[in-house]
Amino acid sequence: MSNRRISGFKPTGPLQLGNYLGAIRPVIEAQHRQPTTVFVADLHALTVPHDPARLRELTTQVAGLLLAGGLDTRSTILYRQSDLPAHAELHYLLECVASYGEVHRMIQFKEKGGGSGTRLSLLTYPVLMAADILLHDIAEVPVGRDQRQHVELTRDLALRFNERFGPVFTVPEAVLPQVAARVADLSDPTAKMGKTNASTNGVLFLLDPPDVLRRKIMRAVTDTGTEVVYDPERKPGVSNLLDLLSAITGDKSEQIAAKYENYGSLKAATADAVIALLEPIQRRYHELTPQDIEQALAQGAAQARERADATVSRVRNAMGLTTAQPAPAGSPGTPTTAPTPR
Ligand code: AMP
Ligand code: TRP
């Protein structure tokens, strides 16, 4: 049984600390123990209004930050989703297995969708996510809590497909990070820190300069009272800072709380820890050239393509479509052989 993992990052905005602690770091930490595939989900970024030039820029930036954050392309496949047409093809085929009712219920659509001008792709986006996962015979999907429902849908679709058309798909599972499953916005601790939040005051972007990081943390909303205690219900602001420090240091939030006399000293310590965490990543990021990033993505696409195309062929056959025979080796247009993917 494979223990392969996959993770995807939408280039809808610059990556923020919640992405790093909730998704990037867990993936990078496990990459030498478990075969891992990571992709920049640029097709997903088309589900909301977008600017083409900005999308291209963010796609490169997200890939660069993954590399700077420690993704090792010798063991991990990193590619850009739109480089593999298999995602779009499997998306359509899975739409023929999913029902309107089940995707309409997804929380993210309820939150972001609604108006008649909403892109139809926002409704069907969880099915594209299912295609991303099922393309690669994935066993584990490390995601933040907000994405768990989409992995559940993926499981439902895989089981239904296998029952209807034969055992084609591996049924994946969501894996939540032990810490930092949900980093909250510093200016509104009831909201998730997100790269597209309306105000950026409470969002710590991975490429924010140290003085900006410090200012945002020192201005974080705290709660009434002055005592530093860990109580997510009654003191969500302070508890979010404690959770952040806990995710960075590995110590328990309750134990960290005991070390600080007041909110000011807790904030200063959090700022120091966040800056120390991000500085080396920023340094490595600024050393990468756009060519380095492009080259890594091209290599990854070549590695991922073979596996993805093989899955689509299995699905086509199971559903009663025919699959064109690949051209004989050596004939014009034959793709060059890709390095063996893990
Ligand atoms: P997104 O920014 O929505 O593309 O998310 C990319 C990955 O980061 C997903 O696995 C999310 O669950 C995770 N993630 C995003 N924001 C947070 C957050 N505030 N706390 C924890 N995980 C997050
Ligand atoms: N939907 C995810 C998000 O918004 C990104 C994503 C797309 C993803 N496809 C995926 C994550 C496949 C894990 C696996 O964060």
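These legends walk through a predicted model of one protein chain, from the overall fold to a few close-up views.

Residues are numbered from 1 along each chain as its sequence is written, and chains are lettered from A and ligands numbered from 1 in the order in which they are written. Because the model is predicted, local features need pLDDT of at least 70 and side-chain atom pairs count only at pLDDT 80 or more, while totals for chains, interfaces and linings use all residues; side-chain values use heavy atoms, with hydrogens and water left out.

**Figure 1. The whole protein chain.** The C-alpha trace spans about 70 × 45 × 40 Å along its principal axes. Of the 342 residues, 51% are buried; here buried means under 20% relative accessible area, exposed over 50%, and partly exposed in between (1.4 Å probe, protein chains only).

**Figure 2. Two domains.** The protein chain is divided into domain 1 (5-176 + 289-319) and domain 2 (210-287), with bounds from an automatic or database domain assignment. Their C-alpha centres lie 31 Å apart. Where the two meet, 11 residues of domain 1 are in contact with 10 residues of domain 2, contact meaning heavy atoms within 4.5 Å.

**Figure 3. Helix H3 and its packing partners.** In helix H3 (residues 86-95), the buried residues are Ala86, His87, Leu90, His91, Leu93 and Leu94. They pack against strand S3 (76-80), helix H6 (120-134) and helix H12 (290-319).

**Figure 4. A close look at Leu93.** Leu93 belongs to helix H3 and is buried, with a relative accessible area of 7%. Setting aside neighbours within four places in sequence, Leu93 is in contact with Val315, Arg316, Met319 and Leu321.

**Figure 5. Asp137, a residue with positive phi.** Asp137 sits in the loop between H6 and strand S4 (140-142). Although it is not a glycine, Asp137 has a positive phi of about 50°. As background, most residues other than glycine have a negative phi. Asp137 counts as buried because its relative accessibility is 19%.

**Figure 6. Asp231 in its loop.** Look for Asp231 in the loop between helix H8 (210-218) and helix H9 (236-249). Asp231 has 19% relative accessibility, so this residue counts as buried. Not counting residues up to four places away in sequence, Asp231 touches Pro236 and Ser239.

**Figure 7. Lys252 at the surface.** Lys252 lies in the loop between H9 and helix H10 (253-258). With 55% relative accessibility, Lys252 counts as exposed. Lys252 and Val151 are 101 residues apart in sequence, and their C-alpha atoms are 28 Å apart in space.

Conventions: Helix = DSSP H or I, 4+ residues; strand = E, 2+ residues; numbered from the N terminus.
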